[in-house]
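Could you walk me through this structure in a friendly way?

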Amino acid sequence: MIAVLKPGVSGEQSAKLIEWFEEQGVKVHVSNGEFQTVLGLIGDTSRIDAELVESLDIIESVKRISEPYKKANRKFHPEDTIVEAGGVKFGGGNFAIIAGPCSVETPEQITYVAQRVKESGAAMLRGGAFKPRTSPYDFQGLHEKGIELLLEAKRQTGLPIVTEIMNAEHLPLFEEVDLIQVGARNMQNFELLKALGKTNKPILLKRGLANTLKEFLMSAEYIMAGGNENVILCERGIRSFDPATRNVLDLASVPLLHEMTHLPIVVDPSHATGIARLVEPMSLAAVAGGADGLIIEVHNDPQHAWSDGAQSLTPDQFDVVSKKVRKIQAALA
Ligand code: PEP
Ligand code: MN
């Protein structure tokens with residue numbers, strides 16, 4: 001249930017109302033917007049008399065929320081949430097590009113790519129240290145060493161870093177990571193989501209290979225329910241019957257998610273298509289469709305990449321994409 005307060009209600013009046021709601025056994029989520037305050041009631045609201053609430057003179061309107069996601073729901077929080085990671089903002093009109101290799105390989109590779117993508121306008125550096133590979137015989141990532149190399153690249157370039165976590169027990173290794181990625185395969189690893197909910201780290205939550213938008217938002221809800229509301233969603237394509245592309249980029253999800261949730265939405269055209277030459281057109285389409293950011297795989301030598309070379313751009317190709325993205329943004333502004 002949400003209760004929208006009339007403009008001009010004092011802090012004391014709203015505190016009294018919140019206390020009264022809490023006495024009835026629900027938790028109250030307060031969204032202080034520029035124009036109005038929205039109180040989101042979480043828990044068993046069946047005992048709350050909506051008509052009685054509506055009759056109070058400080059209340060503008062009362063609505064029951066039927067969707068199972070509450071904290072992630074736009075109705076709970078009408079204004080866009082801005083998530084900040086390492087000083088970079090996503091959402092509410094803020095747009096940023098994350099770029100870097102699929103996997104961290106060597107000190108030279110990650111630092112070189114970091115420098116190049118920074119020069120081309122990337123705001124954050126990505127690189128996998130723990131890699132979720134389909135085959136146990138494929139490169140699994142450099143683990144702790146990979147995070148150290150990312151931190152070294154961060155020291156040298158100033159770019160904040162994004163890397164994937166696969167196991168909550170590894171959290172101590174992520175202390176200096178600016179944005180923790182939950183990969184598609186772990187979108188419904190509920191224990192991992194709960195552990196991340198207890199941290200105050202920004203989380204980049206990728207959509208599962210075969211998950212609905214509702215399931216996607218329920219996973220965000222798991223993190224938010226623990227108290228961590230710094231969640232950025234990432235559309236990275238979903239499985240279809242057609243092997244022509246690695247996945248199918250569900251771009252309609254971007255404007256649809258913007259209606260359903262206040263959280264920022266980033267698009268990953270690299271994993272969505274699996275084909276480097278499709279990354280540029282899909283990046284531009286994502287920006288035109290309202291994405292709050294992009295995450296793009298860039299490698300110094302895609303042909304010899306230890307993972308995902310076929311979808312990786314060279315730094316020169318990334319430079320072109322980054323410039324064209326700015327043009328689309330300027331055209332839309
Ligand atoms: C990745 O970002 O390298 C990755 C493994 O992505 P996804 O979880 O979307 O497949
Ligand atoms: Mn990859």
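Asp308 is buried in this predicted model, with a relative accessible area of 18%; buried means under 20% relative accessible area, exposed means over 50%, and partly exposed lies in between (1.4 Å probe, protein chains only). Asp308 is also one of the residues that coordinate the manganese ion (ligand 2). Residues are numbered from 1 along each chain as its sequence is written, while chains are lettered from A and ligands numbered from 1 in the order in which they are written. Because the model is predicted, local features need pLDDT of at least 70 and side-chain atom pairs count only at pLDDT 80 or more, while totals for chains, interfaces and linings use all residues; side-chain values use heavy atoms, with hydrogens and water left out.

**The manganese site**

- Cys102 (SG), His271 (NE2), Glu297 (OE) and Asp308 (OD) coordinate the manganese ion (ligand 2) at 2.0 to 2.4 Å.
- Donors here are N, O and S atoms within 2.8 Å of the metal (3.2 Å for Na, K and Ca), and sites may look incomplete because water is not among the atoms.
- Along the chain, the donors of the manganese ion (ligand 2) follow the spacing C-x168-H-x25-E-x10-D.
- Helices (H or I, at least four residues) and strands (E, at least two) are DSSP runs, numbered from the N terminus.
- His271 is buried at 8% relative accessibility, and Cys102 is buried with a relative accessible area of 3%.

**Gln311, a partner of His271**

- Gln311 is found in the loop between β14 and α10, and it is buried, with a relative accessible area of 2%.
- The side chains of Gln311 and His271 are joined by a polar contact of 3.3 Å, and those of Gln311 and Arg246 by one of 2.7 Å.
- A polar contact is a pair of N or O atoms within 3.5 Å; within protein, one must be able to donate a hydrogen and the other to accept it, and residues adjacent in sequence count only if both atoms are side-chain atoms.
- Not counting residues up to four places away in sequence, Gln311 touches residues including Ser270, Gly274, Ile275 and Glu297; contact means heavy atoms within 4.5 Å.

**Cysteines**

- How many disulfides does the structure hold? It holds zero disulfides, a disulfide being a pair of cysteine sulfur atoms within 2.5 Å.
- The sulfur of Cys234 is too far away for a bond, because the closest cysteine sulfur, in Cys102, is 13 Å from it.
- Cys234 is buried at 0% relative accessibility.

**Around ligand 1**

- Ligand 1 has 13 residues around it, and Arg126, Gln181, Ala184, Lys206 and Arg236 come nearest; a residue is near a molecule or strand if one of its heavy atoms lies within 4 Å of it.
- An N or O atom in the side chain of Arg126 is 2.8 Å from an oxygen atom of ligand 1.
- For the side chain of Lys206, an N or O atom is 2.9 Å from an oxygen atom of ligand 1, and for that of Arg185 the distance is 3.0 Å.
- On its own, ligand 1 has 300 Å² of accessible area, and the protein covers 97% of that.
- Accessible areas come from the Shrake-Rupley method with a 1.4 Å probe; for residues, only the protein chains shown count as cover.

**Helix α5**

- Leu192, Leu193, Ala195, Leu196 and Gly197 are buried in helix α5 (residues 190-197).
- These buried residues of α5 pack against β10 (179-182), β11 (203-206) and α6 (213-225).

**Residues in other loops**

- Thr261, in the loop between α7 (253-260) and β13 (265-267), is buried with a relative accessible area of 0%.
- Leaving aside neighbours within four places in sequence, Thr261 is in contact with Ala72, Asn73, Arg74, Leu217 and Leu233.
- Pro160 lies in the loop between α4 (144-157) and β9 and is buried, with a relative accessible area of 6%.
- The C-alpha atoms of Pro160 and Met124 are separated by 5.1 Å, although these residues are 36 residues apart along the chain.
- Is Leu173 buried or partly exposed? Leu173 is partly exposed, with a relative accessible area of 27%, and it is found in the loop between β9 (161-164) and β10.
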